[in-house]
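Please read this short report alongside the sequence and the model. It moves from the overall surface to the sheet, then to a pocket and a few single residues.

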Amino acid sequence: MIQRSLNQIKSETIKAVKGIKLEHGLADDLGNMSAFLASHNINFSNDLCYLLNKYNNLKYYPNIICKSKKSALIAPFIAKSLIELIISKKIKWEGFVFSPQFLIASMSIFSKENNIKFSLKNQRNKLIAISQNSFMHIYTKSLKLDYYILSIDNSVENLKSSHLPKNFINNPIDDKEWKIIISYGKRTFVKDSVLSKEKGAGY
């Protein structure tokens, strides 16, 4: 394990996602979610590396109809868009989710920005996570590919604190996974030239 700051994690994640030619807005969202998870000691790098390797030569097509594990929601790529849909349509969503910790990160970020309470439950209606304002509770240590129900939920008790550790200075990350993230980020490197400077390129 190595230690990296949240700024390093965010910036290198953004560059890595741009390195597989995904949209810049999506890369920024993923950088924010990765930094959030790292700050709460929740693993993000394993699933991120899996997706970087998978979609290196495979085009990603957004999908929110996820009734089987094979068609599971790719939370790192689409969590923000899904939550925006739930807010605008005032609906709940359910289906299989790959890497649900990224969905929880997006829930928390939106709750803090918009004062909205979200709940995430499993297929047995057991509460997995809840977010409100800047507070977040996660009720399980097993965040895995499974069937989940996500909704705006004002029925649960108001949160007055978070039950998650926070670390804003140094955050542990697997050395091999960090090298993979860095390697994809290097694809965004543009050699120094007059033209590149005119276009605002840099590394």
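## Surface and overall make-up

The accessible surface of this protein, computed on a predicted model, comes to about 11,300 Å², and carbon and sulfur atoms account for 51% of that surface. Of the 203 residues in the protein, 47% count as buried.

The protein has 7 helices and 8 strands. When contacts between residues at least 6 apart in sequence are considered, 68% of them join residues that are at least 24 apart.

## The open sheet

Six of the strands form an open sheet, in the order S2-S3-S7-S4-S5-S6, and the pairing within this sheet is mixed. Strand S2 (73-74) and S6 stand at the edges with a single partner strand each, so one side of each is left without a neighbour in the sheet.

Strand S5 (residues 127-132) stands between S4 and S6 in the sheet order, and this strand is mostly covered, since 5 of its 6 residues are buried. In a regular strand, side chains alternate between the two faces of the sheet.

## Strand S5 and its two partners

On one side, S5 pairs with strand S4 (residues 118-122) in the antiparallel sense, over 4 bridges, and within this pairing Leu120 has Ala129 of S5 as its bridge partner. S4 and S5 form a hairpin with 4 residues between the strands. Asn125 lies in the loop between S4 and S5, and its phi is near 65°, a positive value in a residue other than glycine.

S5 is also joined by 4 bridges to strand S6 (residues 135-138), and these two strands likewise run antiparallel. The hairpin of S5 and S6 has 2 residues between the strands, and Asn133, in the turn, has a positive phi of about 50°.

Helix H2 (24-39) and helix H4 (75-89) each supply at least two residues of the lining, and the largest share, 6 residues, comes from H4.

## Ile78 in helix H4

Ile78 lies in helix H4, the helix that gives the pocket lining its largest share.

Leaving aside neighbours within four places in sequence, Ile78 is in contact with Tyr60, Pro62, Asn63, Ile64 and Leu73. Ile64 is 14 residues away from Ile78 in sequence, and the C-alpha atoms of the two residues are 8.4 Å apart in space.

## Lys21, a residue with positive phi

Lys21 lies in the loop between helix H1 (6-19) and H2. Although Lys21 is not a glycine, it has a positive phi of about 65°. Lys21 counts as exposed because its relative accessible area is 77%, over the 50% cut-off for that class.

Key. Residues are numbered from 1 along each chain as its sequence is written. This is a predicted model: local features need pLDDT of at least 70, side-chain atom pairs count only at pLDDT 80 or more; totals for chains, interfaces and linings use all residues. Side-chain values use heavy atoms; hydrogens and water are left out. Buried means under 20% relative accessible area, exposed over 50%, partly exposed in between (1.4 Å probe, protein chains only). Contact means heavy atoms within 4.5 Å. Accessible areas come from the Shrake-Rupley method with a 1.4 Å probe; for residues, only the protein chains shown count as cover. Two strands pair if DSSP finds at least two bridges between them.
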